[in-house]
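Me: I would like to learn how to read a few features of a protein model. Where do we start?

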Amino acid sequence: MVEVSHIISNYVKRRLGFTGTKANKSRVDVTESRIIKAFDNLPLEILNLFLDGSRNLSIRIIPDPKLPFGMRTITERSPNGLVYTLNICDEAQDWPEDHFLGAVLRELGHVTAELPPEDEWPVERGARARFKESTECKADALVWSWGLRHYDIIYLSETYPSHWVDKIVNDIGMMILTMSNPQ
């Protein structure tokens, strides 16, 4: 297990970058250790998607935009396949650890599910909103299927009003049911 932890640590150190932010050493260490912990919690078959290069991921800590979004995965299509960049707003580094872990895991769910680039999403506004909601639900359902529901619930509870959390949890449950009983 120590060897796997070392491999994860090296992977994160190679993938993590800071764009336009002043990297405070102690804060960087905390953020890095949290990201390592998120990867360390993944089931081995999911972790291997990242370690073996099946999912090409970069992680960037970026300055807070005018309207911070916490974390967001950007997907680009290249000749070699999909390339993912997990952008983490500077402010998210100050979140409580479980909230931060839940957000990272949800974003890793997007990468695992191979979230397409936004220019490939539906164009019509309503269809686009439904597609985004569906992708969020799919990412959450994956986190739950990895046995990490508690982190996702903490993230959802810290991010959304309680009546939305109830709806999201219900939608995740329905998606899990349809994933396990396809008809």
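**Charges, rings and helices**

Reply: The charged end of Arg72 sits over the ring of Phe69, 5.9 Å from the ring centre. A charge counts as over a ring if NZ of Lys or CZ of Arg is within 6 Å of the ring centre and within 35 degrees of the ring normal. Arg34 likewise lies over the face of Phe100, at 5.5 Å from the ring centre. This is a predicted model, where local features need pLDDT of at least 70 and side-chain atom pairs count only at pLDDT 80 or more, while totals for chains, interfaces and linings use all residues. Residues are numbered from 1 along each chain as its sequence is written, and side-chain values use heavy atoms, with hydrogens and water left out.

Me: How many aromatic pairs does a search of the whole structure find?

Reply: A pair of aromatic rings is described by the distance of the centres and the angle of the planes. Rings of Phe, Tyr and Trp (its six-membered ring) pair if their centres lie within 6.5 Å; planes under 30 degrees apart are stacked, over 60 edge-to-face and the rest tilted. The search finds four aromatic pairs. One of them joins Tyr11 and Phe39 edge-to-face, 5.4 Å centre to centre with 65 degrees between the planes. Tyr11 lies in helix H1 (residues 2–15) and Phe39 in helix H2, so this pair ties together parts 28 residues apart in sequence. Helices here are DSSP runs of H or I with at least four residues, numbered from the N terminus.

Me: Which residues does the cluster of ring pairs link?

Reply: Tyr11, Phe39 and Phe50. Phe39 and Phe50 are also edge-to-face, at 5.3 Å centre to centre and 90 degrees between the planes. Both Tyr11 and Phe39 are buried, meaning under 20% relative accessible area with a 1.4 Å probe, protein chains only. Phe50 is buried too.

Me: What span should the 16 residues of helix H2 have?

Reply: The expected span is 1.5 Å times one less than the number of residues. For H2 (residues 25–40) that gives 22 Å, and the end C-alpha atoms are 22 Å apart, which agrees. Helix H5 (residues 125–145) has 21 residues and reaches 30 Å, close to the 30 Å expected.

Me: How many disulfides does the structure hold?

Reply: A disulfide is a covalent bond between the sulfur atoms of two cysteines. The cut-off is a pair of cysteine sulfur atoms within 2.5 Å. The structure holds zero. Cys89 is buried, with a relative accessible area of 0%, and Cys137 counts as buried at 9%.

Conventions. Helices (H or I, at least four residues) and strands (E, at least two) are DSSP runs, numbered from the N terminus. Buried means under 20% relative accessible area, exposed over 50%, partly exposed in between (1.4 Å probe, protein chains only).
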